[in-house]
Amino acid sequence: MAGRFPPRTPSTRTTVRGGHVPVPASRSDAPVARGATRRWTPDAPTDLGLTLGPLRRGPADPTFRTTPDGSVWRTARTPEGPGTLRVALRQGTAEAEAWGPGAQWLLDGLPRLLGAEDDPDAFVPRHRLLAATHRARPGLRLTRTGLVMESLIPSILEQKVTTDEAYRAWRLLVRKYGEPAPGPEGHRLHVVPDARTWSLIPSWEWHRAGVDNKRAATILRAVKVARRMEEAAAMEPEQAQRRLELIPGIGPWTSAETVQRSNGAPDAVSVGDYHLPSIVGYALAGDRTADDAAMLELLAPYAGQRHRAARLVLLSGRVPPRRAPRMTPGNIAAL
């Protein structure tokens, strides 16, 4: 789709993640407390909103925000400790600052975060919709965070519920149990809790956040082996998915949603998604009733790049017209 912004589409989990997080035009007139810095120039056009957008879990995500000076702020719990990263693109060069014990780790991973390890030229569009969207979005790069748990836990929270329910749970739990982020945005941003803190959250707090026992239990099983889960970030995506799926309650959808971000996996398809098959089916074949098998058949020509193809479908804005009411959000906390 030509144009700067995607069309307004139903706020499903897949359309939100496939979309573009608007990042204001960069300015350099906003003073902030200085941290460690790095400059890096990508070898191809890079769009911050498209590249880092999948890391945002809702507009009020306490670990991610954009500011009017054109910066993207992100927090992370790195192997060196918590850190805050601010990155902006100015005349094609990424200018980054970082704070906290994890600052140097975040700066070292800046190229990887901005898609330096991604190869968009490997994608060859075979459908005019994908060709047009690919041409209109030259700045799309697949990020690779190198961190598993920060993507795995919110993906578990998003199982079998509406987007708003999942984002609310993530927001409440991170704000209550995460620590204020280091750096000048510490009063607004939080770092995700460490594994031990997740494991100590009382059952009634999961309930208040609207998280059912099944999802809470899956998270508790995962954090018990957090170190082994983090090792998956260095594996090939297929191997990483198999590692994650050893945890009861983590299936192909959750593992794919995780390695898309942690490993920058261009071929990890979110099989089992409530909306994605019908969106892909409608966009590529006019079939709004497509199931997972039909979606995989349509994406087969893009083997090795199926996740990128699915994102381009979502970015195209071509979604089936709504014929039924939205899924009704639950309210576990009221039970």
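Visitor: Neighbours within four places in sequence aside, which residues is serine 151 in contact with?
Guide: Once those neighbours are left out, serine 151 is in contact with Arg57, Thr258 and Arg261, where contact means heavy atoms within 4.5 Å. This is a predicted model, in which local features need pLDDT of at least 70 and side-chain atom pairs count only at pLDDT 80 or more, whereas totals for chains, interfaces and linings use all residues. Residues are numbered from 1 along each chain as its sequence is written, and side-chain values use heavy atoms, with hydrogens and water left out.

Visitor: Does serine 151 count as buried or exposed?
Guide: Serine 151 counts as buried because its relative accessibility is 2%, and the cut-offs are under 20% relative accessible area for buried, over 50% for exposed and in between for partly exposed, with a 1.4 Å probe and protein chains only.

Visitor: And which helix is serine 151 found in?
Guide: Serine 151 is found in helix H6; helices here are DSSP runs of H or I with at least four residues, strands are runs of E with at least two, and both are numbered from the N terminus. H6 is mostly covered, with nine of its nine residues buried, among them Glu150, Pro154 and Leu157.

Visitor: What does leucine 152 touch, not counting residues up to four places away?
Guide: Leucine 152 touches Ala222, Met229, Leu244, Ile250, Thr254 and Thr258 on that basis.

Visitor: OK, leucine 48 then: where does it lie?
Guide: Leucine 48 lies in helix H2, which covers residues 48-52, and it counts as buried because its relative accessibility is 6%. With neighbours within four places in sequence left aside, the contacts of leucine 48 are Val23, Gly53, Gly70, Val72, Val87, Ala88, Leu89 and Leu114. Threonine 143 is 95 residues away from leucine 48 along the chain, and their C-alpha atoms are separated by 10.0 Å.

Visitor: Switching topic, how many cavities of 30 Å³ or more are there?
Guide: The count comes to three cavities of 30 Å³ or more, where a cavity is a set of points, on a 1 Å grid over the protein atoms alone, at which a 1.4 Å probe fits but cannot get out, and where lining residues have an atom within 4 Å of a point. The second largest cavity has a volume of about 120 Å³, taken as the space filled by probe spheres set on the points, with grid points joined across faces, edges and corners.

Visitor: Which residues are the closest to the centre of the second largest cavity?
Guide: Among the 13 residues that line the second largest cavity, Leu55, Thr63, Arg74, Glu150 and Trp170 are the closest to its centre. Strand E3 (72-78) and H6 each supply at least two residues of this lining. The lining divides into five nonpolar, three polar and five charged residues, with Ala, Val, Leu, Ile, Met, Phe, Trp, Tyr, Cys and Pro counted as nonpolar, Asp, Glu, Lys and Arg as charged, and the others, Gly among them, as polar.

Visitor: Backbone next: what phi does glutamine 91 have?
Guide: Glutamine 91 has a positive phi of about 55° although it is not a glycine. Most residues other than glycine have a negative phi. Glutamine 91 is found in the loop between strand E4 (81-90) and strand E5 (93-99), and it counts as exposed because its relative accessibility is 85%.

Visitor: And where is lysine 160 found?
Guide: Lysine 160 is found in the loop between H6 and H7, has a positive phi of about 60° although it is not a glycine, and counts as exposed at 77% relative accessibility.

Key:
On a 1 Å grid over the protein atoms alone, a cavity is a set of points where a 1.4 Å probe fits but cannot get out, and a pocket is an open set with protein on both sides within 12 Å along at least five of seven lines; lining residues have an atom within 4 Å of a point.
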